[in-house]
Amino acid sequence: MISFKVDNLKNMGANVKTFVDFLRLSGADDEDIFASKLVTCELITNVIRHGGDEAEFTGTLSGDTITITVTAESFKGLDVARPAPDVFAESGRGLYIIRSICSCIERGDSGEIKVIIRRHCRG
């Protein structure tokens, strides 16, 4: 498991790199790393832009799943229950991307967003 906090989008890249390094050391392939990085950046960006404060990130790799959880103390955005937005919509493209990649997206009782990515395991 890896955890970190991001309080500024300018600092996000260095933090996300630690997650990428963790995934690579844990045996994730390039497709899994790309998908995980994309989802992580979309979620953190959404939290900081719409929550206005620090995003807390946790990522795990277990078996054939990568689980990503992002939360912020005052974050109220990203209604995961709303209908899927269109790729050409003016807003909601981040949610479209996340739903396209993740096998599960849910909102927790504390406002956290948890997603699961099914790995492209090689046999």
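I began with Arg119, which is buried at a relative accessible area of 18%, where buried means under 20% relative accessible area, exposed over 50% and partly exposed in between, computed with a 1.4 Å probe and protein chains only. Before going further I noted that this is a predicted model, in which local features need pLDDT of at least 70 and side-chain atom pairs count only at pLDDT 80 or more, while totals for chains, interfaces and linings use all residues. I also noted that residues are numbered from 1 along each chain as its sequence is written, and that side-chain values use heavy atoms, with hydrogens and water left out.

**Entry on Arg119.** I placed Arg119 in the segment after β5, taking helices (H or I, at least four residues) and strands (E, at least two) as DSSP runs numbered from the N terminus. Leaving aside neighbours within four places in sequence, I found Arg119 in contact with Gly27, Ala28, Asp32, Leu61, Gly63, Asp64, Thr65 and Ile66, contact being heavy atoms within 4.5 Å.

**Entry on the whole chain.** I listed three helices and five strands, and from the N terminus on their order is β-α-α-β-β-α-β-β. The chain has 123 residues, of which 41% count as buried. Among its contacts with a separation of 6 or more, 59% join residues 24 or more positions apart. The chain exposes about 7000 Å², with 50% of that supplied by carbon and sulfur atoms; accessible areas come from the Shrake-Rupley method with a 1.4 Å probe, and for residues only the protein chains shown count as cover.

**Entry on the core.** Which residues touch the most other members of the largest nonpolar core? I found Phe19, Ile44 and Ile68, in a core of 27 residues. The elements giving two or more residues to this core are β1 (2-6), α1 (12-25), α2, β2 (55-62), β3 (65-71) and β5 (113-118). A nonpolar core is here a set of buried Ala, Val, Leu, Ile, Met, Phe, Trp, Tyr and Cys residues joined through side-chain atoms within 4.5 Å.

**Entry on α1 against α2.** I looked up the packing of α1 and α2 and found an angle of about 150°, with their axes 10 Å apart; axes are lines fitted to C-alpha atoms, for helices over the stretch in contact, and angles run from 0 to 180 degrees between N-to-C directions. The two helices are therefore roughly antiparallel, a term for angles over 145 degrees, with under 35 counted as roughly parallel, 65 to 115 as roughly perpendicular and the rest as oblique. Their crossing is right-handed, meaning that the near helix is turned clockwise from the far one by less than a right angle, anticlockwise being left-handed. From α1, Met12, Val16, Phe19, Val20, Leu23 and Arg24 meet Asp30, Ile33, Ser36, Lys37, Thr40, Cys41, Ile44 and Thr45 of α2.

I then took Lys37, which lies in α2 (residues 30-51) and counts as partly exposed because its relative accessibility is 43%. Beyond residues up to four places away in sequence, Lys37 touches Val16 and Val20, and its C-alpha is 6.9 Å from that of Val16, 21 residues apart in sequence.

**Entry on α2 against α3.** The axes of α2 and α3 (residues 93-101) come within 10 Å and cross at roughly 150°. The contact is made by Ala35, Leu38, Val39, Glu42 and Leu43 of α2 with Gly94, Ile97, Ile98 and Ile101 of α3. I recorded this crossing as left-handed.

Is Ala35 buried or exposed? Ala35 is buried, with a relative accessible area of 9%, and apart from neighbours within four places in sequence it is in contact with Ile101 and Ile117. Ala35 and Arg119 are 84 residues apart in sequence, with their C-alpha atoms 9.4 Å apart.

Glu42, also looked up, is partly exposed with a relative accessible area of 25%. Not counting residues up to four places away in sequence, Glu42 touches Gly94, Ile97 and Ile98, and the C-alpha atoms of Glu42 and Gly94, 52 residues apart in sequence, are 5.7 Å apart.

**Entry on Thr67.** Last, I turned to strand β3, where Thr67 lies. Thr67 is buried at a relative accessible area of 16%, and beyond residues up to four places away in sequence it touches Thr58, Gly59, Thr60, Lys114, Val115 and Ile116.
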